[in-house]
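Subject: The structure I promised you

Hi,

Here is the structure I said I'd pass on. Have a look at it first, then read my notes below.

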Amino acid sequence: MQNEDVWLVVPLYDEATVIAEVVRQALVTFPKVVCVDDGSHDDSAARAEAAGAAVVRHPVNLGQGAALQTGFDYALGDPAMRYVVTYDADGQHQLHDVEVMLERARRGDVRVVFGSRFLDERTEASAGKRLVLRAAVAYTNLTTGTRLTDAHNGLRVLHRDVVARLDITQNRMAHASEIVAQIGAMRFDGQRVAYAEEPVHILYTDYSRAKGQSLWNAVNILAELIWR
């Protein structure tokens, strides 16, 4: 079966409204999906499991960084896993973008592919949000030695070698910059880890905005970066 070497890692917190459909759509292309239920108060975990995902549960809410690390550890338990895709639970990511990013990774010259909202015009974000996120990118690039256009996009493709070395300790918003920083510091055979970016379409809906995809959320990201 195609993509048997790929695990989608989906942090999950109070997404009962949409998670079953997100999982069902993903499983059409990617047969291995693990949802890490991060102490949800609703039946997100049960709905994800019923839709066909593997589910790992945190008894209390630890934050998205912790959920990703748990998902990484789970995926590493599969010896056939070659790539992990970090994928949001609220339906804002597009599976076609994942396929394009995986195709880029499978060429073999990069170990990481980051999704970027700012490489084309498909993503409709407010001017204020774009400004704050670009400021966060500038800060991340300055402090990590990387050169990205969108450091806080949740859609990433990571080679197994990279996943095995990641150790996320920032559980909240700043985990995204921590991932970038750790990747920027990695060396394989004495060389910096190779990475690339691909344009992606983040679909902001009324639902995803209500879940936190607001200007204030972007401000929180920037604040957490500076004062972490």
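How many salt bridges does the count come to? Before I answer, two notes on how to read everything here. This is a predicted model, so local features need pLDDT of at least 70 and side-chain atom pairs count only at pLDDT 80 or more, while totals for chains, interfaces and linings use all residues. Residues are numbered from 1 along each chain as its sequence is written, and side-chain values use heavy atoms, with hydrogens and water left out.

Now the answer: the count is 9 salt bridges, where a salt bridge is a side-chain nitrogen of Lys or Arg within 4 Å of a carboxyl oxygen of Asp or Glu.

One of them joins the side chains of Asp109 and Arg104, at 2.7 Å from N to O. I'll call a residue buried under 20% relative accessible area, exposed over 50%, and partly exposed in between (1.4 Å probe, protein chains only). Asp109 is partly exposed because its relative accessibility is 46%, whereas Arg104 has 13% and so counts as buried.

Another salt bridge runs between Asp161 and Arg111, with the closest N and O atoms 3.4 Å apart. This pair ties together distant parts of the chain, 50 residues apart: Asp161 is in helix H6 (residues 160–165), and Arg111 is in the loop between helix H4 (95–106) and strand E5 (112–116). About those labels: helices (H or I, at least four residues) and strands (E, at least two) are DSSP runs, numbered from the N terminus. Asp161 has a relative accessible area of 30%, so it is partly exposed, and Arg111, at 26%, is partly exposed.

Then look at Asp150 and Arg117, whose side chains meet in a salt bridge of 2.7 Å, N to O. They too link distant parts of the chain, 33 residues apart, with Asp150 in the loop between helix H5 (127–144) and strand E6 (156–159) and Arg117 in the loop between E5 and H5. Both Asp150 and Arg117 are buried. There is also a network of salt bridges linking Glu4, Lys32 and Asp78.

Next, the strands. Is strand E2 (residues 33–38) mostly covered or mostly uncovered? Mostly covered: 6 of its 6 residues are buried. Val33, Cys35 and Asp37 point one way from E2, and Val34, Val36 and Asp38 point the other way.

E2 pairs with strand E1 (residues 6–12) in the parallel sense over 5 bridges; two strands pair if DSSP finds at least two bridges between them. Within that pairing, Pro11 has Val36 of E2 as its bridge partner. From E1 the chain crosses through helix H1 (residues 19–29) to E2, in a right-handed β-α-β crossover. Right-handed here means that, with the strands pointing away from the viewer, the path from the first strand over the helix to the second runs clockwise.

E2 also pairs in the parallel sense with strand E3 (residues 54–58), over 5 bridges, and there Cys35 is partnered by Val55 of E3. E2, helix H2 (residues 44–51) and E3 make a right-handed β-α-β unit.

Last, the inside. The largest nonpolar core has 34 residues, and those touching the most other members include Leu8, Ile19 and Cys35. Such a core is a set of buried Ala, Val, Leu, Ile, Met, Phe, Trp, Tyr and Cys residues joined through side-chain atoms within 4.5 Å. Apart from it lies another core of 24 residues, among them Phe72 and Ile179.

Cheers
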